[in-house]
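Biologist: I would like to learn how to read a structure. Please take me through it one feature at a time.

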Amino acid sequence: MLLEWYKVAGMMLLRVNLRAGLLALVTTALLFMILWGHCGDISRFSRPILSASLTERGSNAANDAIECSINGEYTVMCRRDTDRDEVFVPFSLVHKYFEIYGKITSTDGVDKFEWSHSYGKIYHPKKKYDPLGTFTTFENYNVEVRDRVKCISGIEGVPVSTQWEPRGFFYPTQIAQFGLAHYSKHIIEPDPKRRIIDDGEKHLENWIVSKDAYMARDYDNSVQSNVIRFSTSDHISSQVWLKVNLSQDFVLSVDIQMKPNSSMTVVLQNKDKKETVYLHYITSMQLISAQEDHISYGVGVDPNWKRITRDLIIDMQKGWALLDKPKRRLPRNKFKISSIILSGSGSLDNVTLSSSEHMHMFYNAARWLLRAQSSRSGAWPIPVRRRMAAGVAELKPGWHSAMSQGHAISLLARAYHASGDATYLQAAKRALYLLDVPSHAGGVKALWMDKYVWYEEYPTKPPLFVLNGFIYTLLGLYDLHIIEGENSISLAKKMFDDGMTSLKNLLPLFDTGSGSFYDLRHFTLGVSPNIARWDYHATHVNQLYLLAGLDSDPILINTAKRWEGYMQGKRAAHN
């Protein structure tokens, strides 16, 4: 009996010990989870990514935790591998501390962690830079999708910038980049797909006319073509419309003549979500407005014929941005054009849908530059204030930029080459004048140590010596020189040579030993350096590789290679 009692008591004690052990294990795990999530300042960082060798250890995970003190300022929880005498820190800390980038990828079901030192991209030139060809790497640019582009003007056909003014303004640098990007895409892309909807001649569609509306086809002497005449009443149901039901190609081009209070509406539908958007192109000077599903662009009040070319998807996206709708990717194959609606009074011809119209966009930019250029100074004034840095006076509306001048020259030189119109060449030559005017006199020229000329992207006092804008200006000078004749002795050639001398002498000052400086304010203002973020650093490298193809001085190619190495984590040697 006593033996049986001992057996029962032993079994009870064993159960109690098992329960206590299980409770202790659960409590320990819970405490570890709480400590892991809240110890020190770990909330500053995202969920840590740990070494697989540690996570596989499983049961000993709690024993591996170790508190890491970061410069005595804060702590984070790390992992310790006593077998290997290693300490593993969360990658979120590495990312924040060293600006290292990484992500988990999966290939064929196998996860891998990809580590990269920078997010910039280098494009090694495949051939010598050609001023008649693509402009640097701009075939990769999509200026109109940038957040700081409010929309594409319905009147001018060029981007409206919100970079320093939320109401929007025409920024010459951005407009030139828009044109150069489309020119470059035109060169490398295949011919666009085009579908003529209605041209009044061979392609005739059956437009639907409401009872109180009017439509006819007749010959217009001013355009020497048969056109559509339309007129509707003030009633909302009075309209002339065409059912289209087309997808994939969303660049609409049309010759149109509209009287006041008239409009052309394009209806887009999302094939998955049954979402409908109405794009209204109206006789108005307004830039853009949006309310619910209706987005309106003013196309001006000029009663004469005009050619309108619109990327409908871009127009929709910019309207949504105005409504603060969540930003989302919009695959073009998810949408279709369901109809085109005409209201008011006017005429229509050559309705066409295409996959792109790069040269039309390019010439929109070229024509804007012709109209906006000062006939006296050859400059393109920038109509907003720009605050650059403490210690320098702000740039007041009407300031000029060497980068605007250089980009414009590059575009106008290509416009002259493509069209043969000497007006573009003359405008490019006029743009040189400002580059020889000192910044203190309203120009953009600065001198380093009273010796080396520098064309200032931002002509502050004292000068900042911005690197990327200076090199873009040099490219504009080179483009014009080649267009004028490579063997000619021109002002553009002299300015380019002077600038290259300055670049090769000052280039070492922009080297940080692990990256590059955006400018030289630490010299001219005596303040903290302005280190170029990786996308600007990549621009520096791409520019130097391009220039190295034009000038055999080893400082260009050697610097480009060294700076590219910085993007892979390499550093200058220390003592």
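Modeller: Begin with the largest pocket: helix α13 gives the largest share of its lining, 7 residues. A pocket is an open set of points on a 1 Å grid over the protein atoms alone, with protein on both sides within 12 Å along at least five of seven lines; lining residues have an atom within 4 Å of a point. Helices (H or I, at least four residues) and strands (E, at least two) are DSSP runs, numbered from the N terminus. This is a predicted model, where local features need pLDDT of at least 70, side-chain atom pairs count only at pLDDT 80 or more, and totals for chains, interfaces and linings use all residues. Residues are numbered from 1 along each chain as its sequence is written, and side-chain values use heavy atoms, with hydrogens and water left out.

Biologist: What is the volume of the largest pocket?

Modeller: A volume is the space filled by probe spheres set on the grid points, which are joined across faces, edges and corners. Here the largest pocket has about 1,400 Å³. Two or more lining residues come from each of α5 (172-188), α10 and α13 (534-548).

Biologist: Which residues lie nearest the centre of the largest pocket?

Modeller: They are Thr 137, Phe 138, Tyr 141, Tyr 472 and Thr 539, out of 48 lining residues.

Biologist: How do the lining residues divide by class?

Modeller: Ala, Val, Leu, Ile, Met, Phe, Trp, Tyr, Cys and Pro count as nonpolar; Asp, Glu, Lys and Arg count as charged; the others, Gly among them, are polar. The lining of the largest pocket has 18 nonpolar, 17 polar and 13 charged residues.

Biologist: Now cavities. How many of 30 Å³ or more are there?

Modeller: In a cavity, a 1.4 Å probe fits but cannot get out. The count here is 1. The largest cavity holds about 30 Å³ of space. Its lining is Ile 197, Val 244, Leu 252, Val 266, Ile 337, Ile 340 and Leu 353. By class, that is 7 nonpolar residues, with no polar and no charged ones.

Biologist: What share of the protein chain is buried?

Modeller: Buried means under 20% relative accessible area, exposed over 50%, and partly exposed in between (1.4 Å probe, protein chains only). Of the 575 residues in the protein chain, 47% are buried. The chain's secondary structure comes to 14 helices and 22 strands.

Biologist: Back to helix α10. Why is α10 described as largely enclosed?

Modeller: Of its 18 residues, 17 are buried, so α10 is largely enclosed by the rest of the structure. Now check its length. The expected span of a helix is 1.5 Å times one less than its number of residues. Helix α10 (residues 467-484) reaches 26 Å from its first C-alpha to its last, close to the 26 Å expected. Just after α10, Gly 485 has a positive phi of about 135 degrees.

Biologist: What joins Lys 461 and Pro 462?

Modeller: A cis peptide bond, with omega about -5 degrees. Pro 462 sits in the loop between β22 (452-455) and α10.

Biologist: Where does Asp 108 lie?

Modeller: Asp 108 is in the loop between β4 and β5. Its phi is near 55 degrees, a positive value in a residue other than glycine. Asp 108 is exposed, with a relative accessible area of 78%.
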